[in-house]
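Morning, everyone. Let me put the model on the screen, and then we'll walk through it.

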Amino acid sequence: MTKNIMIVGVGGQGTLLASRILGNTVINEGYDVKVSEVHGMSQRGGSVVTYVKYGDAVYSPIIDRGEADIILAFEQLEAMRALPYLKKGGKMIANNQKINPMPVIIGAAEYPENILDKIAKEVDLTAVDALSLAEQAGNFKAVNVVLIGVMAKSTDIPYENWIETIKTTVPPKFLDVNLKAFDLGYNL
Amino acid sequence: MKKLLLGNAAVARGAYEAGVRVVSSYPGTPSTEITEEIAASYPEVYCEWAPNEKVAGEVAIGAAIGGARAMSCMKHVGLNVMADPVFTMSYIGANAGLVFCVADDPGMHSSQNEQDSRHYAEAAKITMLEPSDSAECKQFTKIAYELSEEYDTPVFLRLSTRVSHSQSMVELEDREERELLPYEKNIGKYVMMPGNAKKQHIVVEERQARLAEYANTSPLNRVEDNGAKIGVISSGITYMYAKEALGDKADYLKLGMVYPLPEKLIKDFAAKHDKVYVIEELDPFIENFCRAAGVDVIGKEIFTLLGEYTPTMIKEAVLGEKAPDYCELAENIPMRPPVLCAGCPHRGTFYVLKKLGLVVAGDIGCYTLGAVAPLASVDTTICMGASVSAAHGMAKARGKDFNKKLVSVIGDSTFMHSGITGLVDIVYNKGANTVIILDNSITGMTGHQDNPTTGYTIRKEPTKQVNLITLCKSVGVERVVVADPFDLKNFEQVVKAELEADEPSVIIAQRPCALLKTVKYTGHCKIGEDCRKCKLCMKLGCPAISEDGAGGVKIDVTQCNGCGLCVNVCPFGCIKKED
């Protein structure tokens, strides 16, 4: 059976690193893995989506509506946008951060209210104040690793294996901050 | 050893293992990481960023004629730029293995059109392979070199965004060190003038006939027999989608070689099935071949010509099975289009151009986003370099007064790619255009590649730097001004003055990309209590500045990098920088 995890956020939030940590961790568990990333123009502050799929044999690298076991959302509006991709009985983990998109900034659209409350009424939601936790870890940019920490808890992959991947994936300069950030998410 | 690799990194690995010695490319999403990976991981391989795809392709061609296995990588529209030598190289052949990697972008994640590069294979009579995942990216790259040398032909490796930018498992092998093949003078083969080309054309047709025969038995093309009544012919990423959607409810003819296509294999496969579907993104390339060969297939009458496919879409179309249920909030979800980053130097330029109400001929790069509201100043975007030449055409069509309201904007890398030739045209043909070179010291959109104006090679070795001022002056532009686009007042004066001049002028808008490690903006900007709510700062379209819901404006500190442009724009001095 294939496990489908979707990571969504805003370009520049570090979703790519999150998907790589996830991909490299599951590969060490002996699974077949596919990670689909977004590069280029979409990374410039647009909506970004990466897919991580693992299991005995994975064919398509993409996840469609109603197929994701877990959605890891880095931002509220992106959580709302990604909701249709969640499988029935799937789990949404969402950062409560809000980043206004340009149509909202220029007044052409409104940022919807109480998004996370509305999502919680529909599906299993874990809301996280990842920005505060990242700041607590020492750098607000570690939001991505905090969220990976939260997600790691809902998989059956042992704690040590995540730590091992983080050590080999993030630059040594930022390792301490990231390890702290992971723990804060994991122990939530 | 097995490793999780990006499709592009797997192509790079394949080139390395195949003993490739020379790689020359121009960056373009989704192909860029092939060449970057070679630069970063395989010091045995010489590699470079060339000024454009045509130059890059010719460097690879020269290397192959010189006896070294060589590669050039580009995005689909880059192949248009490189097309000239490609068609003639089909006649010349290869000598040492020569592979052109071309990455298509169905769905246009980062492109200006959705062209299907397979047509080039047929038009230029060059064999094309198409991998479906990272393992095949590596394997097919190596096979491409074998075919290239065995049949004396360049070979295309066609990728697409989902293959290039997906990571999957790859078994790593050692590099096969290869001696240089001898270079021998051979005028009949290497000098393509009519007498020689006529003879070589015969060689091309004979070669293609042999390759078409090879396609029928090549391990690149395989049948997967599940004893099903439905047959699916597919290749590349769509094969993976079909496989996921249909599983063992279909048999598959999986084509790893998309040109030339295996007529006999297709006919045999079709004869064994009640219904045969051709599933391919973009154009009906395989489908048209099947129909021309008299094979009855189902294709574009049920599948779209537009965008990317998904397994769900295939399942619905072929099996009539409904997509899984999903949950959706019944609410309008605002779009989140890409925007210029906080701190982007182009923001100052577009703010001024918008304020002056100019017609702006745009180009390809991050600054294409100058077309997005609220800046919305870019009028046209066509292809690399067209900002300069198309503006010249507009000025010739509409005259002097129009030209005084018209500017071209083009990045430093794009100017080197193909802007300079347009500028030469303006000077030569007595134009009086104003060209703004957005010099942010890097190739931005594709993720920070060096170029001839940065002073560094792909491997960050210091090198001679093309000086844009000297370059523009040397082609005959006498008015060349350097201005900082964040100094809004001065920049506006400069633009006005250059538009007034009755001769060509170049403004070099100089300020580095805010994402460069060498750019150290600190702190962030804050709206003061004395804010008069004029909202002029909102016109910058900065992602950090938005309405506060109480009639005023706020700055999001997680988005702001303290570039200070809003401080400059506020007429009342109400925005201050804080540490």
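Aromatic pairs come first: the structure holds 12 of them over all chains. Rings of Phe, Tyr and Trp (its six-membered ring) pair if their centres lie within 6.5 Å; planes under 30 degrees apart count as stacked, over 60 as edge-to-face and the rest as tilted. Take Phe303(B) and Tyr309(B): this pair is stacked, at 5.6 Å centre to centre with 25° between the planes. Both Phe303(B) and Tyr309(B) are buried. Buried means under 20% relative accessible area, exposed over 50%, partly exposed in between (1.4 Å probe, protein chains only).

Before we go on, a word on the source. This is a predicted model: local features need pLDDT of at least 70, side-chain atom pairs count only at pLDDT 80 or more, and totals for chains, interfaces and linings use all residues. Residues are numbered from 1 along each chain as its sequence is written, chains are lettered from A and ligands numbered from 1 in the order in which they are written, and side-chain values use heavy atoms, leaving out hydrogens and water.

Now chain A. Tyr159(A), Trp162(A), Phe182(A) and Tyr186(A) are linked into a cluster by ring pairs. Lys153(A) lies over the face of Tyr186(A), 5.0 Å from the ring centre. In chain B, Lys460(B) lies over the face of Tyr456(B), at 5.5 Å. The rule here: NZ of Lys or CZ of Arg within 6 Å of the ring centre and within 35 degrees of the ring normal.

Next, Lys300(B). Where is Lys300(B) found? In the loop between α12 (285–292) and α13 (311–319) of chain B. Helices (H or I, at least four residues) and strands (E, at least two) are DSSP runs, numbered from the N terminus. What does the side chain of Lys300(B) reach? The backbone oxygen of Leu282(B), at 2.7 Å.

On to helix α10 of chain B, residues 236–246. How many of its 11 residues are buried? The count is 10, so the helix is mostly covered. Among them are Tyr239(B), Tyr241(B) and Lys243(B). Just after α10(B), Gly247(B) takes a positive phi of about 50°.

Last, the backbone. Most residues other than glycine have a negative phi, and most peptide bonds are trans. Thr29(B) and Pro30(B) are joined by a cis peptide bond, omega about 10°. Tyr259(B) to Pro260(B) is cis too, with omega near -10°. Asn114(A), not a glycine, has a positive phi of about 50°.

Definitions and conventions. Polar contact = N/O pair within 3.5 Å; in protein donor to acceptor, adjacent residues only side chain to side chain.
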